[in-house]
Amino acid sequence: MTMRIRYVLKECVFVSLLGVFVGLNSGCALRTVPPIRFLPILGKEKTVQTTDVLMRLLKDRDRAVRAGAVDLLGDLGQTDDKKLKKEVARVLGMAMKDRDPGLRVQVVQKLGSMEAVYANKYLMNALKDPHPFVRTEVLTVIANRERGTALPGSPLSAQITP
């Protein structure tokens, strides 16, 4: 009888450890899936812009994937390339049409960290958002620019008009 109990206990411990191992590793596997999905895109064209791939990620069903794309776009918007900044702002402006208001707030924050020349057009459009949290975040971003707590080196109130 005690052999049977030991066997059951060993099985329970093994299954528990296996569950923990699979649970910890599944998060990493999920994060690697979206780029693999876009490999056919990379083979079709000679050059593929990063913003094109991220724009396609913004259409993903998974909110976490879309949020990751917004974060990456925000990082791209901090470069010195004016053409890239303009493209990033345009793609973030398209992301303002997302159905999730939390993601739209995140987009407003990323636009707020960009220079006003590129972002204000989309921030002004975001003032018409149906969700009050999004509109409040836009006002906060604009107020921070007015106070001078925006990104260092970005033009402030002289660029507030769209």
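**Figure 1. The protein chain as a whole.** Of the contacts in the protein chain with a separation of 6 or more, 56% are between residues 24 or more positions apart; contact means heavy atoms within 4.5 Å. This is a predicted model, in which local features need pLDDT of at least 70 and side-chain atom pairs count only at pLDDT 80 or more, whereas totals for chains, interfaces and linings use all residues. Residues are numbered from 1 along each chain as its sequence is written, and side-chain values use heavy atoms, with hydrogens and water left out. The secondary structure consists of eight helices and zero strands, giving the pattern α-α-α-α-α-α-α-α along the sequence. Helices (H or I, at least four residues) and strands (E, at least two) are DSSP runs, numbered from the N terminus. The protein chain has 162 residues, of which 35% count as buried. Buried means under 20% relative accessible area, exposed over 50%, and partly exposed in between (1.4 Å probe, protein chains only).

**Figure 2. The packing of helix H4 against helix H5.** Two packed helices are described by the angle between their axes and the distance between the axes. Helix H4 spans residues 63-76 and helix H5 spans residues 82-95; they pack at an angle of about 155°, and their axes are 9 Å apart. H4 is therefore roughly antiparallel to H5. Axes are lines fitted to C-alpha atoms, for helices over the stretch in contact, and angles run from 0 to 180 degrees between N-to-C directions. Angles under 35 degrees count as roughly parallel, over 145 as roughly antiparallel, 65 to 115 as roughly perpendicular and the rest as oblique. The crossing of H4 past H5 is left-handed; a crossing has this hand if the near helix is turned anticlockwise from the far one by less than a right angle, and is right-handed if clockwise. H4 contributes Val-70, Leu-73 and Leu-76 to the contact, and H5 contributes Leu-84, Val-88, Val-91 and Leu-92. By class, these residues are seven nonpolar, no polar and no charged. Ala, Val, Leu, Ile, Met, Phe, Trp, Tyr, Cys and Pro count as nonpolar, Asp, Glu, Lys and Arg as charged, and the others, Gly among them, as polar.

Figure 3. Asp-75 is found in helix H4 and is exposed, with a relative accessible area of 53%. Its C-alpha atom is separated by 9.5 Å from that of Met-114, 39 residues apart along the chain. Gln-78 belongs to the loop between H4 and H5 and is partly exposed, at 35% relative accessibility. Gln-78 and Ser-113 are 35 residues apart in sequence, yet 8.1 Å apart in space, C-alpha to C-alpha.

**Figure 4. The enclosed helix H6.** Helix H6 (residues 101-112) has twelve residues and reaches 16 Å from its first C-alpha to its last, close to the 16 Å expected at 1.5 Å a residue. The expected span is 1.5 Å times one less than the number of residues. Nine of the twelve residues of H6 are buried, so this helix is largely enclosed by the rest of the structure. Among the buried residues of H6 are Leu-103, Arg-104, Val-105 and Gln-106. The cover over the buried residues of H6 includes H4, H5, helix H7 (116-126) and helix H8 (132-147).

**Figure 5. The packing of H6 against H8.** The axes of H6 and H8 are 9 Å apart, at an angle of about 10°. The two helices are therefore roughly parallel to each other, and H6 passes H8 in a right-handed crossing. On the side of H6 the contact is made by Pro-101, Arg-104, Val-105, Val-108, Gln-109, Leu-111 and Gly-112, and on the side of H8 by Phe-133, Val-134, Glu-137, Val-138, Val-141 and Arg-145. This contact has eight nonpolar, two polar and three charged residues. Phe-133 is exposed, with a relative accessible area of 59%. Phe-133 and Val-105 are 28 residues apart in sequence and 7.2 Å apart in space, C-alpha to C-alpha.

Figure 6. Eight of the eleven residues of H7 are buried, and the helix is mostly covered. Its buried residues, including Tyr-118, Tyr-122 and Met-124, pack against H5, H6 and H8. Arg-135 is placed in helix H8 and is partly exposed, with a relative accessible area of 30%. Leaving aside residues up to four places away in sequence, Arg-135 touches Ala-126, Leu-127, Asp-129 and Pro-130.
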